[in-house]
Amino acid sequence: MSSDLIGVWEVRLSDRVHRVEFEHGTASGRRVLRVDGKEILRRDWMFRLVGSETFEIGKTKCCINIRPTNGFNYEYTLSVNGRELQKFLETQSKILKTWILDLDGEATRVVLEKDTLDVWVNGQKVDTAGEFVEDGTETHFSLGCHEAYIKAISSGKKKEGIIHVLIVDNMEIPESIE
């Protein structure tokens with residue numbers, strides 16, 4: 001890692017948690033941007049030290065803003081889909097339900113996008129089959145040779161809304177907080 005590394009952010013999306021790293025050489029103006037360890041942007045010898053760098057993680061638009069504070073100090077902020085990272089993450093926590101479980105000796109990440117009802121397993125969108133049941137709905141999918149479904153039931157409380165529960169091989173999996 002370079003001594004010019006000034007920012008590391010984690011961006012939680014449906015497919016996985018992405019790591020964004022930004023280097024800024026304030027003497028040379030050099031900028032290096034990496035997403036998940038892969039360099040996606042390099043600019044050497046930039047005379048303008050402030051400004052922004054836009055990029056995408058998949059189809060998600062991101063922007064790092066560089067603003068002067070006082071003297072030769074700078075402030076760096078990451079925006080995702082037009083919102084400051086913290087606001088974006090607050091929205092994501094309302095939209096995404098995440099479960100991480102040990103399946104056949106490997107960590108498996110299951111994510112439900114509540115607004116689209118898409119299900120992602122280890123970064124891959126999977127085929128699902130929805131079914132109405134007596135107390136709600138079930139969204140069935142496969143986790144290798146394991147049967148899985150996400151059950152959606154009403155909480156009975158307007159503020160809580162719908163409760164989503166992951167069931168794998170007839171066992172309830174607790175929700176994860178990333």
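This note walks through a predicted model, from the whole chain down to single residues.

1. **Ground rules.** The model is predicted, so local features need pLDDT of at least 70 and side-chain atom pairs count only at pLDDT 80 or more, while totals for chains, interfaces and linings use all residues. Residues are numbered from 1 along each chain as its sequence is written, and side-chain values use heavy atoms, with hydrogens and water left out.

2. **Make-up.** The chain has one helix and 17 strands. Both kinds of element are DSSP runs, numbered from the N terminus: helices are H or I with at least four residues, strands are E with at least two.

3. **Overall shape.** The radius of gyration of the chain is 20 Å, whereas a compact globule of 178 residues would have one near 16 Å. That radius is taken over C-alpha atoms, and the globule rule is 2.2 Å times the number of residues to the power 0.38. Along the principal axes, the C-alpha atoms fill a box of roughly 65 × 40 × 20 Å.

4. **Surface and contacts.** Of the 178 residues, 41% count as buried. Buried means under 20% relative accessible area, exposed means over 50%, and partly exposed lies in between (1.4 Å probe, protein chains only). Of the contacts with a separation of 6 or more, 27% join residues 24 or more positions apart. A contact means heavy atoms within 4.5 Å.

5. **The open sheet.** Five strands form an open sheet in the order β13-β14-β15-β16-β17, with antiparallel pairing. β13 and β17 (171–173) stand at the edges; each has a single partner strand, so one side of each is left without a neighbour in the sheet. From one strand to the next, the twist averages 30°. Here axes are lines fitted to C-alpha atoms, for helices over the stretch in contact, and angles run from 0 to 180 degrees between N-to-C directions.

6. **Two ends of that sheet.** Strand β16 (residues 162–168) pairs with β17 over three bridges, in the antiparallel sense. Two strands pair if DSSP finds at least two bridges between them. Val168 stands opposite Met171 in β17. Phe132 is found in strand β13 (residues 129–133). Is Phe132 buried or exposed? Phe132 is exposed, with a relative accessible area of 76%. The C-alpha atoms of Phe132 and Lys151 are separated by 9.8 Å, and the two residues are 19 apart along the chain.

7. **A hairpin.** Strand β3 (residues 31–35) and strand β4 (residues 38–43) run antiparallel, joined by five bridges. Arg31 has Arg43 as its bridge partner in β4. Two residues lie between the strands of this hairpin, where Asp36 takes a positive phi near 55°.

8. **Gly51.** This residue is found in strand β5 (residues 51–57). Gly51 counts as partly exposed, at 23% relative accessibility. Leaving out residues up to four places away in sequence, Gly51 touches Arg31, Ile64, Asn65 and Ile66. The C-alpha atoms of Gly51 and Arg83 are separated by 17 Å.

9. **Thr98.** Thr98 lies in strand β9 (residues 96–103). Thr98 counts as buried, at 1% relative accessibility. The side chains of Thr98 and Arg12 make a polar contact (3.2 Å). Such a contact is a pair of N or O atoms within 3.5 Å; within protein, one must be able to donate a hydrogen and the other to accept it, and residues adjacent in sequence count only if both atoms are side-chain atoms.
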